[in-house]
Amino acid sequence: MSLLDGWLPPTRAHYGLILKLWQFAYPAVRPRPLWVIGWYGMGKTSTPSRLNLPGRAAWMTMEAPGFLTLLYVMRTLPAQHGIDDLPWQNRVLAGLFVIHYTYRALLFPLLQPSMAPIHVLVWAMALGFQLLNATCLGAWLAAYGPVTADAWAAQSPLPQFALGLAVFYAGLSANFFHDEELREIRRRRQRREQQQGCSSKDNNKAGRGATTNYYEIPQAGLFRYMLFPHYLCEWVEWAGFLMAAGWSCAPAWAFLTNEVCSMLPRAVRGKAWYVERFGREKVGRKWAVIPGVW
């Protein structure tokens with residue numbers, strides 16, 4: 001059963017159109033406002049607004065549709081093309097996507113000691129990102145990429161596939177490590193509030209306002225050298241996914257490109273935020289996210 005006839009799951013012609021949009025239009029248009037506008041309505045830069053959504057619920061509902069869409073496309077599209085059983089590589093790559101977004105969409109917000117409200121525009125942009133990405137990757141894995149053992153032997157030989165998996169899991173582990181360092185800062189903030197006799201407020205109840213303004217400059221791991229290593233580690237993850245999928249996998253290339261285009265300006269703006277808040281001397285010579293460049 002199709003949720004949107006011809007579009008979800010997509011026909012081959014519609015897949016080509018969606019992929020072109022994801023490859024060229026999205027990275028050309030989406031990041032531009034992030035370079036010129038300092039505002040970004042989530043996380044440290046969340047500001048009071050009537051259009052704010054509660055942080056945890058907004059995060060889950062903007063991230064979870066990605067892996068749910070991919071699973072739906074992989075379940076429905078093969079039968080439409082007479083494919084009875086997909087090669088193990090297709091299922092492994094789909095599993096990597098689900099593993100990442102099970103953490104990112106579900107576990108991550110539940111593990112956070114607190115989450116700032118998210119503006120509805122940020123929520124909508126993230127949701128669009130997830131739906132486009134999952135549709136393209138899911139369709140490629142389900143029918144429009146390699147679907148036989150011989151096709152996979154040409155697409156990504158086993159040593160390359162295995163190395164890609166190793167890179168992906170290295171990036172995933174490092175991503176979790178640096179996320180945990182940021183969570184520990186929030187835990188210290190909450191302990192400090194309790195020691196001072198301050199009652200912690202759940203700002204997500206009304207969906208307005210930002211979290212308590214207590215921050216530190218993280219220092220563990222790659223935070224010694226850059227301010228957003230968790231962004232870099234996520235790029236490493238999807239570079240590993242691309243390697244495993246094969247260098248000609250257009251949806252994986254588009255995913256990695258759009259990740260960098262969306263997150264790089266936020267990291268650069270984020271460094272400016274740290275400098276403004278703590279001073280250039282305390283920030284020191286840390287890069288934003290790319291060693292030796294930004």
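**Figure 1. Asn 133 and its contacts.** Leaving out residues up to four places away in sequence, Asn 133 touches Trp 22, Phe 97 and Phe 255. Contact means heavy atoms within 4.5 Å. This is a predicted model, in which local features need pLDDT of at least 70, side-chain atom pairs count only at pLDDT 80 or more, and totals for chains, interfaces and linings use all residues. Residues are numbered from 1 along each chain as its sequence is written, and side-chain values use heavy atoms, with hydrogens and water left out. Asn 133 sits in helix α5. Helices (H or I, at least four residues) and strands (E, at least two) are DSSP runs, numbered from the N terminus. Is Asn 133 buried or exposed? Asn 133 counts as buried because its relative accessibility is 0%. Buried means under 20% relative accessible area, exposed over 50%, and partly exposed in between (1.4 Å probe, protein chains only).

**Figure 2. Helix α5 from end to end.** α5 has 25 residues. Its first and last C-alpha atoms are 34 Å apart, close to the 36 Å expected at 1.5 Å a residue. The expected span is 1.5 Å times one less than the number of residues in the helix. Most of α5 is covered, with 18 of its 25 residues buried.

**Figure 3. The largest nonpolar core.** This core holds 62 residues. A nonpolar core is a set of buried Ala, Val, Leu, Ile, Met, Phe, Trp, Tyr and Cys residues joined through side-chain atoms within 4.5 Å. Which members touch the most other members? They are Leu 70, Leu 93, Phe 97, Trp 140, Trp 238 and Phe 241. Two or more residues each come from α1 (12-29), α3 (55-80), α4 (88-111), α5 (120-144), α7 (158-195), α8 (229-245) and α9 (250-278). The largest share, 11 residues, comes from α5.

Figure 4. Neighbours within four places in sequence aside, Leu 93 is in contact with Trp 140, Leu 141, Trp 152, Phe 161, Phe 241, Ala 244 and Ala 245.

Figure 5. The side chains of Asp 179 and Arg 104 form a salt bridge, at 3.1 Å from N to O. This pair links distant parts of the chain: Asp 179 in helix α7 and Arg 104 in helix α4, 75 residues apart. A salt bridge is a side-chain nitrogen of Lys or Arg within 4 Å of a carboxyl oxygen of Asp or Glu. Glu 234 also meets Arg 104 in a salt bridge, at 3.8 Å from N to O. Here, too, distant parts of the chain are linked: Glu 234 lies in helix α8 and Arg 104 in helix α4, 130 residues apart. Asp 179 counts as buried because its relative accessibility is 3%. Arg 104 is buried, with a relative accessible area of 8%. Glu 234 is buried, with a relative accessible area of 8%.

**Figure 6. Other salt bridges.** The whole structure has seven salt bridges. Arg 91 and Asp 85 meet through their side chains at 3.4 Å, N to O. Arg 91 is partly exposed, with a relative accessible area of 44%. Asp 85 counts as exposed, at 57% relative accessibility. Elsewhere, salt bridges link Glu 180, Arg 183, Glu 184 and Arg 187 in a network.

**Figure 7. Spans annotated in UniProt.** An unreviewed UniProt entry lists residues 92-111, 118-141 and 161-178 as "transmembrane region". UniProt positions follow the numbering used here, feature names are shortened, and annotations may be inferred rather than shown by experiment. Residues 92-111 are 100% helix and 0% strand, with end C-alpha atoms 26 Å apart. Residues 118-141 are 92% helix and 8% strand, and their end C-alpha atoms lie 32 Å apart.

**Figure 8. Backbone details.** The peptide bond from Leu 8 to Pro 9 is cis, with omega near 0°. Pro 9 lies in the segment before α1. Just after α9, Gly 279 takes a positive phi of about 95°.

**Figure 9. Model confidence.** The chain averages a pLDDT of 90, and 91% of the residues score at least 70. pLDDT is the predictor's confidence in each residue, from 0 to 100. Where is confidence lowest in the chain? Helix α2 (residues 32-36) is lowest, at a mean of 64, while α8 is highest, at 98. Over residues 199-212, pLDDT stays under 50.
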